[in-house]
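Please read the following note with the sequence and the model open beside it. The points are numbered so that each can be checked on its own.

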Amino acid sequence: MDLTADSIDEFYIAYFEAMAAQHCGHVINAPKPHFYVNNFIDSLSEINEAIRSKLSPEGFSMILDTFDDQIDMNDAMPGILSGAFSIIAKFDSRNPASIRAVRSSCRAKARTILMQMKRDTFALNEGILSEKQIEVIDNADGMRLGVIGDTFTGWAYTFKWRYPEHLFVWVS
């Protein structure tokens with residue numbers, strides 16, 4: 001995975017879009033992609049609209065929340081990025097067991113992505129995160145999602161990255 005970005009936010013989106021391509025069947029610039037960046041975290045209306053009109057209803061899709069950041073003043077000022085992603089899929093609303101099965105599948109897919117993030121942190125000369133000196137820190141907290149858009153559900157994880165604050169320009 002070779003990603004070139006001019007800023008941490010461009011890198012963040014490009015990294016997870018590549019993960020969606022690898023793990024969710026996302027095709028970049030497809031009319032119905034399997035990847036969506038959620039800019040309004042406090043409102044479900046944007047997510048509901050994306051599910052109705054923008055995301056593919058087939059298979060798994062990733063929704064990436066925009067990140068929050070902070071500066072750690074005690075450790076040579078690295079940046080700490082707090083982010084979250086969700087894996088969602090359609091369930092059969094007529095079958096009560098379907099929602100549990102879909103959540104379980106989404107959780108398994110999301111955990112695969114978390115393990116890929118961990119490998120990308122530590123794989124010397126191969127890991128895109130280690131190449132950029134980004135570390136996955138702290139624990140990833142997972143939670144089941146409620147019903148979204150009447151027929152979708154899934155699993156979400158929050159995570160934190162530490163990155164060198166002096167790397168505002170990214171080149172590959």
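1. Where is the place of Asp 150? Asp 150 sits in the loop between β4 (135-144) and β5 (152-163), where helices (H or I, at least four residues) and strands (E, at least two) are DSSP runs numbered from the N terminus. The model is a predicted one, in which local features need pLDDT of at least 70, side-chain atom pairs count only at pLDDT 80 or more, and totals for chains, interfaces and linings use all residues. Residues are numbered from 1 along each chain as its sequence is written, and side-chain values use heavy atoms, with hydrogens and water left out.

2. Is Asp 150 buried or exposed? Asp 150 is exposed because its relative accessible area is 64%; buried means under 20%, exposed over 50%, and partly exposed in between, with a 1.4 Å probe and protein chains only. Leaving out residues up to four places away in sequence, Asp 150 touches Phe 91 and Ser 93, contact being defined as heavy atoms within 4.5 Å. Asp 150 and Lys 90 are 60 residues apart in sequence, with 9.2 Å between their C-alpha atoms.

3. Ile 87, in strand β3, is counted as buried because its relative accessible area is 0%. Setting aside neighbours within four places in sequence, its contacts include Cys 24, Phe 60, Met 62, Cys 106, Ile 113 and Trp 155. The C-alpha atoms of Ile 87 and Arg 103 are separated by 8.9 Å, although these residues are 16 apart along the chain.

4. The segment before α1 holds Ser 7, which is buried because its relative accessible area is 19%. The side chains of Ser 7 and Asp 9 are joined by a polar contact of 2.3 Å; such a contact is a pair of N or O atoms within 3.5 Å, of which, within protein, one must be able to donate a hydrogen and the other to accept it, and residues adjacent in sequence count only if both atoms are side-chain atoms.

5. Helix α1 (residues 8-24) has 17 residues, so at 1.5 Å a residue it should span 24 Å, and its end C-alpha atoms, 23 Å apart, agree with this; the expected span is 1.5 Å times one less than the number of residues. Among the buried residues of α1 are Ile 8, Phe 11, Tyr 12, Tyr 15 and Met 19. An α-helix has 3.6 residues a turn, so residues three or four places apart point the same way. Just after α1, Gly 25 has a positive phi of about 75 degrees.

6. The largest pocket has a volume of about 260 Å³. A pocket is an open set of points on a 1 Å grid over the protein atoms alone, with protein on both sides within 12 Å along at least five of seven lines, and lining residues have an atom within 4 Å of a point. Of its 17 lining residues, Leu 44, Ile 47, Asp 65, Ser 86 and Leu 145 lie nearest its centre. The elements giving two or more residues to this lining are β2 (61-71) and β3 (79-90), and β3 gives the most, with three.

7. The second largest pocket has a volume of about 190 Å³, a volume being the space filled by probe spheres set on the grid points, which are joined across faces, edges and corners. Its lining includes Arg 111, Lys 118, Asp 138 and Tyr 157, and α3 gives the most to this lining, with five residues.

Notes:
On a 1 Å grid over the protein atoms alone, a cavity is a set of points where a 1.4 Å probe fits but cannot get out, and a pocket is an open set with protein on both sides within 12 Å along at least five of seven lines; lining residues have an atom within 4 Å of a point.
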